[in-house]
Amino acid sequence: MALTSPFPRIDGELWAGERRVTELVAEFGSPLYVYDAGVIEAAYRRIEAAFSGVDLLIAYSVKANSNLEILRRLKALGAGADIVSLGELHRCLAAGISANDMVFAGVGKTEEEMEAALDAGILAFNVESAEELQVLGRVATRLGKPAPIALRVNPDIVADTPHEYTRTGHGATKFGIPVDQVLDLYRSAADHPMLEIRGIDVHIGSQIMEPAPYEKALDQVLRLAAEARAEGIDLDFLDLGGGYGVGYDEEDGMSVEDLAAIVVPRVAETGMRLILEPGRFIVGEAGILVTEVLYVKRSGSKTFVIMDGGMTDLIRPSHYQGFHRIEPVVSRDEAAHEIVDVVGPICETGDFLARDRSLQMPAHGDLLAVHTVGAYGFVMASNYNSRRKPAEIVVDGAEVVLARRRESLDDLLLGETL
Ligand code: LLP
């Protein structure tokens, strides 16, 4: 069995690595996040191989899945990190990732976050506004530690993503610095004794399937980098951000090879180091959410399959109308397909995993697997309705690691006073 095949079906049963999913649920309960380490490694290696023609740092975008076991494994593969908070810095350091391999992104960094990242020895802050640059300069001065910076450019490109919430590269979003302000900001950074210019950064959105918008963004940052260099402002790295899409249905994800064919020669020519910030591409297809059918309810023209997992475990369907393939963990030969809504137990009409989906009709006690949830799945889970967050396990061949235990009832009361 190929370890890199995401969740193969053998004799009608879904497997994760060399383990039956039914056995994993018997041991760890439902709902359950299951990640396949082989699939993560294969995706990581694919990017590494595609971009091998340039000095490369894969700064894994931690927000996609910040489980320590996954961070530890990515670190072992050679990854750095793209972080956006003190919490992510803390996690990455705990997982053994060196701050010198981390870039700090985000439009709203606090002084506390700046101090901690400076203390840790961060590779660079990807700065998103003139005011942030000023504050960072003050923090660096106070600490007596020069702050390494890159400017995040807003290239004003509308990249086609499945939902407007995941487009970040156009002028009407809060992200990045407008192109016409970038050089002035580099100049003021160059004049500041406690700011060290290291690079240039762009990130245009998430779940992008085509290289074309990256090419446009690359054109802009290369032009800006050349202009900065002409003024004696040198840049060590170009950070092209993340956003490489994966297949949520049967379609293929982004061809990182096609992307690399465009990016590598042009970046190599400049002598700059290339930083990439993939999140979803590395972990997305490596995860399933397994959840159990509690009830089947027929109501007028609708049939609801009511699961023990819902929007608190996986919010993407509800929040972004995100499509996730759903299939029975054990196929039922005899059951016909019907059009159903797969819903959770939470008291919200928006609590669904799929709507109007053709599904082999399941029954009470059956398990369903929701695919492609390795990214932006567990990390976006909540305790709404005082529900305990599910367990997360990592399967590596025949081995299984409980990467995060299911929350306990007492976990729900943590930090509160009576
Ligand atoms: N770099 C920056 C600066 C980002 O803002 C993001 C994602 C990434 C890298 C990684 O993007 P990726 O390679 O994972 O597409 N919760 C949404 C996605 C939000 C993405 C936010 N930023 C979803 O579930 O689709």
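Some ground rules. Residues are numbered from 1 along each chain as its sequence is written, and side-chain values use heavy atoms, with hydrogens and water left out. Because the model is predicted, local features need pLDDT of at least 70 and side-chain atom pairs count only at pLDDT 80 or more, while totals for chains, interfaces and linings use all residues.

Let me start with charge. Side chains of opposite charge can pair when their charged atoms come close. Here a salt bridge means a side-chain nitrogen of Lys or Arg within 4 Å of a carboxyl oxygen of Asp or Glu. The structure holds 31 salt bridges.

Take R46 and E257. Their closest N and O atoms are 2.8 Å apart. A word on labels: helices (H or I, at least four residues) and strands (E, at least two) are DSSP runs, numbered from the N terminus. And on accessibility: buried is under 20% relative accessible area, exposed is over 50%, partly exposed is in between, with a 1.4 Å probe and protein chains only. R46 has a relative accessible area of 36%, so R46 is partly exposed. E257, at 35%, is partly exposed too.

Next, R298 and E338. This salt bridge has its closest N and O atoms 2.9 Å apart. Again distant parts of the chain are linked: R298 is in strand β14, residues 287–299, E338 is in strand β17, residues 337–343, and they are 40 residues apart. R298 is exposed, at 54%. E338 is partly exposed, at 27%.

Then R325 and E327. Their side chains meet in a salt bridge at 3.9 Å, N to O. R325 is partly exposed at 25%, whereas E327 is buried at 16%.

There is also a network. Salt bridges link E69, R72, R73 and D396.

Now helix packing. Axes are lines fitted to C-alpha atoms, for helices over the stretch in contact, and angles run from 0 to 180 degrees between N-to-C directions. α2 and α3 pack at about 40°, with axes 11 Å apart. That makes them oblique; the classes are roughly parallel under 35 degrees, roughly antiparallel over 145, roughly perpendicular from 65 to 115, and oblique for the rest. From α2, the contact uses A37, I40, E41, Y44, R45 and E48; from α3, I70, R73, L74 and L77. Contact means heavy atoms within 4.5 Å.

The second pair is α5, residues 111–120, and α6, residues 130–143. Their axes come within 10 Å and cross at roughly 55°. α5 and α6 are therefore oblique as well. The α5 side of the contact is E111, M114, E115, L118 and D119, and the α6 side is E132, V135, L136, V139, A140, R142 and L143.

Last, A79. Where does A79 sit? In the loop between α3 (68–77) and β6 (80–83). A79 counts as buried because its relative accessibility is 3%. Leaving out residues up to four places away in sequence, A79 touches Y44, I58, Y60, L74 and I97. T141 is another matter: A79 and T141 are 62 residues apart in sequence and 30 Å apart in space, C-alpha to C-alpha.
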